Amino acid sequence: MELSEQLLDSWRIHARIQRYVLDAVSPEALVLDGGVKGRAISEQFAHIHNVRLMWLKSAAPELLTGLEKIEKAGSASQTGLQQALDASAVAVEALLRGAFESGRVKGFKPHPAAFLGYLIAHESYHQGDIGVRLTESGHRLDQKVAYGMWEWGSR
C-alpha cells in the first residue's frame, strides 16, 4: 500500500475509534454538565466536529457542502453527533487526499502528514478528557471499550 493510502487509512481508523467511543457513552453521561469552564461530553464531540469544519472552511471550503456546525444547544443528541462525526470524517479524508496529492494543506505548515498528526493529536486530547470526565462522574467506559480503542488493527 502506498504511503498516502496508509496515512488515509490511519485517519479512517482514528475516525472509527472516535465513533467507537461515542457509541459507548450512555445517553445520560453524554449530557453531563462540563463543570467549571468545562464542556459536557456531548460538547466535546461537537467541538471535534466543529474543528474539522474550521479546517475544511480554511483549506477546502468546497468540501463543506452538507456539513453544519453543531451549536452548543444541539450538541446533546447522540445520533446527531454520530452523523456529524461520520460526515466530517469523510470530508477531512477528502481534504487529506487532495493535500497528499498537492503536497500542502492551505493554512497549515509544514506538510500534509503533519496535518494528519495534528488532527489526530487534537482529537485524542479531547478523547482522553472525555475518558477522565466519564470516570470522574461515575460513568467510566466499559473495559472492553477502554482497551478496544487501542486495537487499531481491528478497528
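Author: Let's begin with Trp55, which counts as buried at 11% relative accessibility; buried means under 20% relative accessible area, exposed means over 50%, and partly exposed is in between, with a 1.4 Å probe and protein chains only. Before we go on, please note that this is a predicted model, where local features need pLDDT of at least 70, side-chain atom pairs count only at pLDDT 80 or more, and totals for chains, interfaces and linings use all residues. Residues are numbered from 1 along each chain as its sequence is written, and side-chain values use heavy atoms, with hydrogens and water left out.

Now for the rings. Rings of Phe, Tyr and Trp (its six-membered ring) pair if their centres lie within 6.5 Å; planes under 30 degrees apart count as stacked, over 60 as edge-to-face and the rest as tilted. By this rule, the count comes to six aromatic pairs. One of them joins Trp55 and Phe115 edge-to-face, at 5.2 Å centre to centre and with 75 degrees between the planes. Because Trp55 lies in helix H3 and Phe115 in helix H5, this pair ties together parts that are 60 residues apart in sequence. The helices are DSSP runs (H or I, at least four residues), numbered from the N terminus. Phe115 itself counts as buried, at 0% relative accessibility.

Trp55 also pairs edge-to-face with Tyr118, at 5.6 Å centre to centre and 80 degrees between the planes. Here, too, the partners lie in H3 and H5, so parts that are 63 residues apart in sequence are tied together. Tyr118 counts as partly exposed, at 33% relative accessibility.

H5 covers residues 112-136, which makes 25 residues, and reaches 36 Å from its first C-alpha to its last. That is close to the 36 Å expected at 1.5 Å a residue, where the expected span is 1.5 Å times one less than the number of residues. The buried residues of H5 include Phe115, Leu119, Glu123, Gln127 and Leu134. Its buried residues pack against helix H1 (3-24), helix H2 (27-30), helix H3 (41-59) and helix H4 (78-102).

The two ends of H5 also deserve a glance. In the loop between H4 and H5 we find Pro110, and a cis peptide bond, with omega about 15 degrees, joins Lys109 to Pro110. Just after H5, Gly138 takes a positive phi of about 85 degrees. As background, most residues other than glycine have a negative phi, and most peptide bonds are trans.

Phe115 turns up again when we look at the nonpolar residues. A nonpolar core is a set of buried Ala, Val, Leu, Ile, Met, Phe, Trp, Tyr and Cys residues joined through side-chain atoms within 4.5 Å. The largest such core has 23 residues, and Trp11, Leu56, Leu96 and Phe115 touch the most other members. H1, H3, H4 and H5 each supply at least two residues of this core, and the largest share, seven residues, comes from H4. There is a second, separate core of 21 residues, which includes Ile13, Leu30, Ala46 and Leu134. In general, nonpolar side chains tend to be buried together in soluble globular proteins.

Contact means heavy atoms within 4.5 Å. Leaving aside neighbours within four places in sequence, Leu56 is in contact with Pro61, Leu63, Leu64, Leu67, Ala91, Val92 and Leu95.

Gln18 has its place in helix H1 and is buried, with a relative accessible area of 2%. Its side chain reaches the backbone oxygen of Glu123 at 3.3 Å. Again leaving aside neighbours within four places in sequence, the contacts of Gln18 are Phe45, Ile48, Arg52, Glu123, Ser124 and Gln127.

Terms used
Polar contact = N/O pair within 3.5 Å; in protein donor to acceptor, adjacent residues only side chain to side chain.
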